[in-house]
Amino acid sequence: MTNKILVVAAKEFKDGLRNRWVAGITVVLALFAMAISYFGAAASGMVGFTSLSTTIVSLSSLAIFLIPLIALILAYDSIVGEEEQGTLILLLTYPLKRSELLIGKFTGHAAMMALSTLLGFGSAGLLIAFFSAEVDLQELLIAYSMFIVTSILLGWVFIALAYLVSVISSEKSKASGVALIIWFAFVFVFDLLLLGLLVATGGAVGDALFGWLLLLNPTDIFRLINLGSFEATQVQSGLASIADKKMIQPLVLWSALLVWIVVPGFLAVWRFNKRVI
Amino acid sequence: MKAKAAIHFDHVVMRFGKLRAVNGISMDIEPGQVVGLLGHNGAGKTTSIKMILGILKPTTGTVRVFGHDPAADRNMGGLREQLGYLPENLSFYPQLTGRETLQYFARLKGASGQEQKQLLEEVGLMHAADRRVKTYSKGMRQRLGLAQALLNQPKLLILDEPTVGLDPVATRDLYSKIEALKQQGTTVILCSHVLSGIEEYIDRALILSAGKILAQGSINELRQKARLPMTISVRGQIDNQDWLTAKGVTTRKINGSHYELSAAASHKLDLLRALANEKNVEDIEISMPSLESIYTYYNTIDQPTADRSPAVEVNHD
Ligand SMILES: Nc1ncnc2c1ncn2[C@@H]1O[C@H](COP(=O)(O)OP(=O)(O)OP(=O)(O)O)[C@@H](O)[C@H]1O
Ligand SMILES: [Mg+2]
């Protein structure tokens, strides 16, 4: 990583602290996580911190809903916003490649997202550990760390997608529209379509094929990683439970999540290099 | 192509869809010159600048900056560290302070902390350096923009509408800074609509219209070529007015003791001698055609001007 990428990343991060982005995201994630893990078991007639598996399932659903939305809002204007401020054209005259600028800004946003997720979900985790007596602490630590790490990766996926949107949009308002569509598509529409496919074919879609189709949605990958270890929770884990676990190894899932960061990221750099300013 | 040209354009065309924003410009700007790039809104000034900066790649034609192709050779042989640019419509990062903003740009350009401080001082922002830019007035933002453009003692300085929002004192400071940089050999391109006041600072004016160069040359050359009349205000009595009429001078009597003469600039010395010999003339004041009137002249002529002096090239379709 060049020195210039770090300079850009540091500025972006500082800007994020100033804008209260980091504080805001941390608080939102912490509050929702605490509330969800407390009321998560309400469906089964209990409130309070219950079993670890229930908590992780509830938290995952929350993360799938919130993290992509936050990441997209955070980063959708990263390039198109600088263009409207007049700073983009200026930076392009500096001794700085377009790719360095984009990667630097991405790094800053990624660091903000990681820090807020760690603080927000981490504080909720401490509370859960403190209040739930019957939970095995070591088990909690492992499952919860995985939850936080995958949440961060999920955030990065959507930051990368936001950059792609920002780079191809000519105006901020258009970028925000496209970002919302992306959120809606991955969080709601995709699973509905898959369900429709399942119903329409009378379940004839093979388990294997179905598992691979899930890899096309980063939020489903996130769900698969976090719920994979809990047999008991499969009922509650939606479509992800239908997939053949043996077919999709954890390594494949983690790699797929990384691919979802790298590919949109590269596409963003490529399109940015072609963009007429 | 002249090897020593700071900026060289050869039949440059820049098209946006059907629109030819720049339509066949050829020009050379020598190192160390201060050039005024003038023209109506949409004439192609900013587009030309973007091609010099390598932000836009010309549709056809060649652009060279100190011998480098700015669009292909991004580094421009290390010139980027010493390339100062002030874009139009620059509003910066609202949440950062002035000092932090300048620091960010300085780090990217590799300029020292010492220089940052000095520039903040120079543009008169020291007192507001630790306030967030969102609280800055328009002129203060413009000053901050100038400070970043002046980082690293630029070898090439391009200012797009630099005086917008600046108060008269800041404007004068800017021009003396440009003068100082010129002494050090900096090439300066100045895009401006505010024509009054820049005459004395620019070595050469380039007048663009609809993507073409309408006229270029020093103010004097343009003046001669335009053959715009100079104006002489005379206080007192002119006894021998027949002589003036014979010389083709138009005389207008403002009141009993005040005349305004309008005459070809080439008659300047003749006229002055004659007027100085007039017993009852008390005072004479000459005003040469301003850049503004020259500019207006070139923007309104549309007939071929083949008979004009060869010192200046005039391009017409
Ligand atoms: N990115 C672009 N896409 C399409 N058209 C453009 C683009 N940039 C400039 N133009 C058009 O090119 C022409 C020249 O624009 P340019 O910005 O160079 O004018 P200008 O001389 O700087 O004007 P002003 O004095 O208003 O700043 C205008 O008609 C403008 O609409
Ligand atoms: Mg312009």
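**Domains, sheets and the ligand in chain B**

Tutor: Chain B falls into domain 1, covering 7-223, and domain 2, covering 229-288. Please keep in mind that this is a predicted model.

Student: What distance separates the centres of domain 1 and domain 2 of chain B?

Tutor: Taken over C-alpha atoms, the centres of these two domains of chain B are 42 Å apart.

Student: Now the sheets. In what order do the 3 strands of the open sheet in chain B come?

Tutor: The order is β2-β1-β4 in chain B, and the pairing is antiparallel.

Student: Why is one side of β2 and of β4 in chain B left without a neighbour in the sheet?

Tutor: β2 (19-29) and β4 (60-65) of chain B are at the edges and have a single partner strand each, so one side of each has no neighbour in the sheet. On average, neighbouring strands here are turned by 25° against each other, direction ignored.

Student: How many bridges pair β1 with β4 in chain B?

Tutor: Strand β1 of chain B, residues 7-16, pairs with β4(B) over 5 bridges in the antiparallel sense. Within that pairing, I7(B) is opposite V65(B) of β4(B).

Student: Which helix lies across β1, β2 and β4 of chain B?

Tutor: That is helix α1 of chain B, residues 45-52, which runs at about 120° to β1(B).

Student: What about the sheet with 6 strands: what is its order, and is the pairing parallel, antiparallel or mixed?

Tutor: In chain B the order is β5-β6-β7-β3-β8-β9, an open sheet with mixed pairing. Its edge strands are β5 (83-86) and β9 (212-217) of chain B, each of which pairs on one side only. Neighbouring strands in this sheet are turned by 15° against each other on average, direction ignored.

Student: Which way do β3 and β7 of chain B run relative to each other, parallel or antiparallel?

Tutor: Strand β3 (residues 34-39) and strand β7 (residues 187-191) of chain B run parallel and are joined by 4 bridges. V34(B) has V188(B) in β7(B) as its bridge partner.

Student: Which strands of this sheet does α1(B) touch?

Tutor: α1(B) packs on the sheet and touches β3, β5, β6 (156-160), β7 and β8 (204-209) of chain B, with its direction at about 155° to that of β6(B). Helix α6 of chain B, residues 219-226, also packs on the sheet, where it touches β8 and β9 of chain B. The direction of α6(B) makes about 105° with that of β9(B).

Student: Changing topic: which residues come nearest to ligand 1?

Tutor: There are 13 residues around ligand 1, and G42(B), G44(B), K45(B), T46(B) and T47(B) come nearest. α1(B) gives the most to this shell, with 3 residues. Both β2 and α1 of chain B supply at least two residues each.

Student: How far is the side chain of N41(B) from the ligand?

Tutor: An N or O atom in the side chain of N41(B) is 3.0 Å from an oxygen atom of ligand 1. A backbone N or O atom of G42(B) is 2.8 Å from a ligand oxygen, and for G44(B) the corresponding backbone distance is 2.9 Å.

Student: How much of ligand 1 does the protein bury?

Tutor: The protein buries 65% of the 630 Å² that ligand 1 exposes when taken alone.

Note on methods: Residues are numbered from 1 along each chain as its sequence is written. Chains are lettered from A and ligands numbered from 1 in the order in which they are written. This is a predicted model: local features need pLDDT of at least 70, side-chain atom pairs count only at pLDDT 80 or more; totals for chains, interfaces and linings use all residues. Side-chain values use heavy atoms; hydrogens and water are left out. Two strands pair if DSSP finds at least two bridges between them. Axes are lines fitted to C-alpha atoms, for helices over the stretch in contact, and angles run from 0 to 180 degrees between N-to-C directions. Contact means heavy atoms within 4.5 Å. Domain bounds come from an automatic or database domain assignment. A residue is near a molecule or strand if one of its heavy atoms lies within 4 Å of it. A polar contact is a pair of N or O atoms within 3.5 Å; within protein, one must be able to donate a hydrogen and the other to accept it, and residues adjacent in sequence count only if both atoms are side-chain atoms. Accessible areas come from the Shrake-Rupley method with a 1.4 Å probe; for residues, only the protein chains shown count as cover.
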